[in-house]
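Subject: Structure handover

Hello,

Here is the structure for you to look through. Please open it first, then read the notes that follow.

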Amino acid sequence: MARSLGLGGYRSAGPLPEGLGALRPVGWILLSPPAITQAAPAFASLGLGEPILKAVAEKGYSQPSPIQGQCIPAVLQGRDVMAAAQTGTGKTLAFSLPAVTRLAQDPPARNRMLVLAPTRELAIQIDTFWQVLTRFAPGMHSAVILGGTS
């Protein structure tokens with residue numbers, strides 16, 4: 001069962017995981033398979049900043065994955081997005097690319113973002129991507145803070 005959220009053509013597909021429907025605030029875009037299947041446009045057409053496009057090209061990414069193609073424009077517009085996709089489909093870049101673009105547009109003293117990750121491995125993976133993405137964005141830095149280590 002698919003239902004339109006009435007948000008610019010983005011759709012929610014299939015039954016929502018148990019309890020997720022109650023957690024989704026009004027106005028959020030919920031993307032989940034099979035709604036995320038259409039081919040994505042080129043990174044350059046998504047509205048990302050020039051420093052981010054340089055980092056993406058250096059990393060060797062030529063075309064966004066379907067989840068990136070749908071999430072990036074929505075996040076750049078300031079929309080909240082909840083997305084579910086298999087491991088390896090590009091969810092980290094789907095939020096990181098537009099987040100770094102938006103942060104780079106603010107004065108450096110106002111740049112702040114907190115990313116919470118459920119595992120150490122994911123936190124380190126996210127930071128590794130951010131190190132590459134922010135290389136061409138002057139004054140932008142990232143750090144990983146892990147708990148439960150000695």
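Please start with one pair of side chains. Arg-135 and Glu-58 form a salt bridge, with 2.5 Å between their closest N and O atoms. The two residues come from distant parts of the chain, 77 residues apart: Glu-58 sits in helix H2 (residues 50-59), and Arg-135 in the segment after helix H5 (120-133). Arg-135 has a relative accessibility of 52%, so the residue counts as exposed, the cut-off being over 50%. Glu-58, at 44%, counts as partly exposed. The count of salt bridges comes to one. Keep in mind that this is a predicted model.

Now the overall layout. The protein has five helices and four strands. Read from the N terminus, the order of the elements is β-β-α-β-α-α-β-α-α. The protein has 150 residues, and 35% of them count as buried. Among the contacts with a separation of 6 or more, 58% are between residues 24 or more positions apart.

Next, the interior. In soluble globular proteins, nonpolar side chains tend to be buried together. Which residues have the most contacts inside the largest nonpolar core? They are Phe-43, Leu-48 and Leu-97, in a core of 19 residues. H2, helix H4 (91-105) and H5 each give at least two residues to this core, and H4 supplies the largest share, five residues. Leaving out residues up to four places away in sequence, Leu-48 touches Phe-43, Leu-53, Ile-72, Leu-76, Leu-97, Pro-98 and Thr-101.

One of the residues that Leu-48 touches, Ile-72, is also among the buried residues of H3. Why is helix H3 (residues 66-76) described as largely enclosed by the rest of the structure? The reason is that nine of its 11 residues are buried. The buried residues are Ile-67, Gln-68, Gly-69, Gln-70, Cys-71, Ile-72, Pro-73, Ala-74 and Val-75. Just after H3 comes Gly-78, which has a positive phi of about 85°.

Last, the empty space. Rolling a probe the size of a water molecule over the atoms shows where empty space is left. How many cavities of 30 Å³ or more does a search of the whole structure find? The search finds one. The largest cavity has a volume of about 40 Å³, and its lining is made by Ala-55, Val-56, Lys-59, Tyr-61, Leu-93, Phe-129, Val-132 and Leu-133. H2 and H5 are the elements that give two or more residues to this lining.

The largest pocket holds about 900 Å³ of space. It is lined by 33 residues, and those closest to its centre are Val-81, Lys-91, Thr-92, Ala-94 and Phe-95. The elements that give two or more residues to the lining of this pocket are H3, strand E4 (81-83), H4 and H5. H4 gives the largest share of the pocket lining, seven residues.

Regards

Conventions: Residues numbered from 1 in each chain as written. Predicted model: local features only at pLDDT ≥ 70, side-chain atom pairs only at ≥ 80, totals over all residues. Heavy atoms only, no water. Salt bridge = Lys/Arg side-chain N within 4 Å of Asp/Glu carboxyl O. Buried < 20%, exposed > 50% of the residue type's maximum accessible area, 1.4 Å probe, protein only. Core = buried A, V, L, I, M, F, W, Y, C linked by side-chain atoms within 4.5 Å. Contact = heavy atoms within 4.5 Å. 1 Å grid on protein atoms, 1.4 Å probe; cavity = no way out; pocket = protein on both sides within 12 Å on 5 of 7 lines; lining within 4 Å. Points joined across faces, edges and corners; volume = space filled by probe spheres on them.
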